[in-house]
Amino acid sequence: MSILHTVNKSPFEKSSASSCIAHASEGSAVLFYEDGVYAADKRTRFASSVTGAAGVKFYVLGPDLKARGVGEDLLIDGVEVIDYAGFVDLAVEYDKVAAWV
Amino acid sequence: MKFAIQINEGPYQHQASDSAYLFTKTALEKGHEVFRVFFYHDGVGNSTRLTTPPQDDRHIVNRWAALAEKYDLDMVVCVAAAQRRGIADDGEAERNGKDATNIHPRFRISGLGQLIEAAVQADRLMVFGD
Amino acid sequence: MSQTKKLMYLNRRAPYGTIYAWESLEVVLIGAAFEQDVSLAFVDDGVYQIIKGQDTGGIDMKNFSPTYSALGDYEVTKLYVEKESLEERGLSLDNLMHLTWEDEDEDWAEKDSIVLVSRAELAQLMDEQDVVFSF
């Protein structure tokens, strides 16, 4: 059974983002939203934690990126931008959702 | 798909209630069902009818109430968390000797069992917190 | 309720600094009545919730740690504690409360509720759940 993990806090504020990734199995997905979108920014020293997570698909919520002025060109390669409709679709596609708050 | 929504934070202080609202609204517009929206911890603060946010910003409580009205949502506030944080309906005011109530009529106060029931009955539990 | 689901309560926060640890325990206790397949996971600072010797007199807050000892009576018998979370904090099983349950199928033999698991094992356990609660 595969999980959609959600992360809504900055990786510099809390350990939630790194703890989430450490528990994400192959075949699972991680969605960064709210302040969690900073985890998808390729400029930070956290970026290697994202790129190093084999077999995990990463998503970021576009509206939260835009709100924070983070351009899509600044995202880590392979992180897919989705909107709220995409968020709902992901929650349906995966068997369950685990929130790392 | 049937969703259960859990909100752990109060309005404005955290983005949790906003994110939950936008997710819930989108899910409903896509034709999904929302079994219950359950407010826990400081999330019970989303149910007071006494907020007066600035006119040029979203009205979180009213927005939830309007969504609930449109889709006949069951919006439940945990009784223990509500008592701790001073959210009261007529029943609570009478039972606990309070001289006022403050709950918005679109929300109802009930027990934690409602959260468990929602998690078991729904296909997906979405938790929005901090 | 006709179906039985695997519910996991994910505990990642320390006690007292915030209310999440206590209020999540209240969910577990109420939830016990629903006869689902329940487990608790103590990860990151969540391991601090079950440290023995908590004394809250000086901060004038209720010491709710004895409630963990009651979980066995509520048939909540699977408390997964993550090894890496303990090690990062310089802790071991010895620092934790001795939490047990009584197995009526084995003449009420007392058994340990705490199960030490690795991070990888916990990730596997999470994959097996139907519902994950976060607080």
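The model is predicted, so local features need pLDDT of at least 70 and side-chain atom pairs count only at pLDDT 80 or more, while totals for chains, interfaces and linings use all residues. Residues are numbered from 1 along each chain as its sequence is written, and chains are lettered from A and ligands numbered from 1 in the order in which they are written. Helices (H or I, at least four residues) and strands (E, at least two) are DSSP runs, numbered from the N terminus.

**Where the chains meet**

- The contact between chain C and chain B takes 17 residues from chain C and 15 residues from chain B, and helix 1 (20-31) and strand 7 of chain C each supply at least two residues of the side of chain C that touches chain B.
- Helix 1 of chain C gives the largest share of that side, six residues, and the side as a whole has 10 nonpolar, four polar and three charged residues.
- Helix 4 (residues 84-93) of chain A packs against helix 1 (residues 16-29) of chain B at an angle of about 75 degrees, with their axes 9 Å apart; axes are lines fitted to C-alpha atoms, for helices over the stretch in contact, and angles run from 0 to 180 degrees between N-to-C directions.
- These two helices are therefore roughly perpendicular to each other, a label for angles of 65 to 115 degrees, whereas angles under 35 count as roughly parallel, over 145 as roughly antiparallel and the rest as oblique.
- In this packing, A:Tyr84, A:Ala85, A:Phe87 and A:Val88 meet B:Leu22, B:Phe23, B:Thr26 and B:Ala27, and the residues divide into seven nonpolar, one polar and no charged.

- Strand 1 of chain A pairs in the parallel sense with strand 5 of chain A over five bridges and with strand 2 (residues 29-32) of chain A over four bridges, where two strands pair if DSSP finds at least two bridges between them.
- A:Val101 lies in the segment after strand 5 of chain A and counts as buried, with 25 C-beta neighbours inside 10 Å.
- Apart from neighbours within four places in sequence, A:Val101 is in contact with A:Asn8, A:Lys9, A:Ser16, B:Gly129, B:Asp130 and C:Ser134.

**The sheets of chains B and C**

- Chain B has an open sheet of five strands in the order 4-3-2-1-5, with parallel pairing; strand 4 (108-110) and strand 5 (124-128) stand at its edges, each with a single partner strand, so one side of each is left without a neighbour in the sheet.
- Seven of the nine residues of helix 5 (residues 113-121) of chain B are buried, so this helix is largely enclosed by the rest of the structure.
- Chain C also has an open sheet of five strands, in the order 6-3-2-1-7 and with parallel pairing, and its edges are strand 6 (114-117) and strand 7 (131-134).
- Four bridges join strand 3 (residues 79-82) of chain C to strand 6 of chain C, and one bridge pair there is C:Val81 with C:Leu116.

Conventions
A residue is buried if 20 or more other C-beta atoms lie within 10 Å of its own, exposed if 12 or fewer, and partly exposed in between; C-beta atoms are placed from the backbone. Two residues are in contact if their C-beta atoms, placed from the backbone, lie within 7 Å. Ala, Val, Leu, Ile, Met, Phe, Trp, Tyr, Cys and Pro count as nonpolar, Asp, Glu, Lys and Arg as charged, and the others, Gly among them, as polar.
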